[in-house]
Amino acid sequence: MSSEVTARHDAKKLVRSPSGLRMVPEHRAFGSPFGLEEPQWVPDKECPRCMQCDTKFDFLTRKHHCRRCGKCFCDKCCSQKVALRRMCFVDPVRQCAECALVSHREAEFYDKQLKLLLSGATFLVTFGNSEKSDTMVCRLSSNQRYLLLDGDSRHEVEVTRIAAVQMLTEGFPPGGGNARATGMTLQYTAPGAEGVTQLKLTAGEDANGSRRQATAWLVAMHKAAKLLYESRDQ
């Protein structure tokens, strides 16, 4: 794909919705696979009371809609303004307590883990049932739509075509704790191919820090997969 076409696909525009200003892709088909659509607001006439504390709305007690779930709340139950990057809002928006908690947790993905995915890490990569593994750098594309694998050859996996992700682990650290991530298998459908293709990423053993980077990348990819499944279930 030429740089000119790529730039056109990645172009964004500023739009105003009832919930606030959003910076969205000019072409909806090229939006981030981790994004969420704005919810339909519960109509005012259908919510005479706060959907959290049951306070009755009147002239003094105004109703507010959570920008994430679309439900109707009083000011006390919907007072937090939190960044909602999955809906591309430019500024923090009003959310109920439950949704605000989720958005705060997602902020870690955008602030830390997404950066790891974009910077990439080195793995031993095995395609399908092959017994041969190639050393490749795996990273997320800047538009978040592809996994790019670069080595002696180059491969692309469309994120939306990933059907399943499984973390591979080994052992438990002394004193307890979580098992160490050593790799990951991804099952995806390739354009024009029948059935499901499997890709295995294995973190190599070395002393220069790339193993640590690879482990962090795997954890970030596992979180990304969860967000991807949530977007599909919306």
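Mentor: Let us start with a definition: two strands pair if DSSP finds at least two bridges between them. Both helices (H or I, at least four residues) and strands (E, at least two) are DSSP runs, numbered from the N terminus. What you see is a predicted model, in which local features need pLDDT of at least 70, side-chain atom pairs count only at pLDDT 80 or more, and totals for chains, interfaces and linings use all residues.

Trainee: Thanks! How many residues lie between E1 and E2 in their hairpin?

Mentor: Look at strand E1 (residues 12-17) and strand E2 (residues 20-25), which run antiparallel and are joined by 6 bridges. Lys12 stands opposite Pro25, and Lys13 has Val24 as its bridge partner in E2. Between the two strands of this hairpin, the number of residues is 2.

Trainee: Is Arg16 buried or exposed?

Mentor: Arg16 is found in strand E1. Buried means under 20% relative accessible area, exposed means over 50%, and partly exposed is in between, using a 1.4 Å probe and protein chains only. The relative accessible area of Arg16 is 68%, so Arg16 is exposed.

Trainee: Which residue's side chain makes a polar contact of 3.0 Å with Arg68?

Mentor: First find Arg68 in the loop between strand E3 (63-65) and strand E4 (72-74). Beyond residues up to four places away in sequence, Arg68 touches several others, including Leu36, Cys99, Val102 and Ser103. A polar contact is a pair of N or O atoms within 3.5 Å; within protein, one must be able to donate a hydrogen and the other to accept it, and residues adjacent in sequence count only if both atoms are side-chain atoms. The 3.0 Å polar contact joins the side chain of Arg68 to that of Ser103.

Trainee: How many residues apart are Arg68 and Glu106?

Mentor: Side chains of opposite charge can pair when their charged atoms come close. A salt bridge is a side-chain nitrogen of Lys or Arg within 4 Å of a carboxyl oxygen of Asp or Glu, and Arg68 forms one with Glu106, with the closest N and O atoms 2.7 Å apart. This pair links distant parts of the chain, as Arg68 is in the loop between E3 and E4 and Glu106 is in helix H2 (residues 97-119), and their separation is 38 residues.

Trainee: In which strand is Arg94, the salt-bridge partner of Asp75?

Mentor: The side chains of Arg94 and Asp75 meet at 3.2 Å, N to O. This pair also links distant parts of the chain, 19 residues apart, with Asp75 in the loop between E4 and strand E5 (80-82). Arg94 has a relative accessible area of 16%, so it is buried, whereas Asp75 at 41% is partly exposed. Arg94 sits in strand E6.

Trainee: And is Glu156 buried or partly exposed?

Mentor: Glu156 pairs with Arg154 in a salt bridge, the closest N and O atoms being 3.8 Å apart. Arg154 has 47% relative accessibility and counts as partly exposed. Glu156 has 48% relative accessibility, so it too is partly exposed.

Technical notes:
Residues numbered from 1 in each chain as written. Heavy atoms only, no water. Contact = heavy atoms within 4.5 Å.
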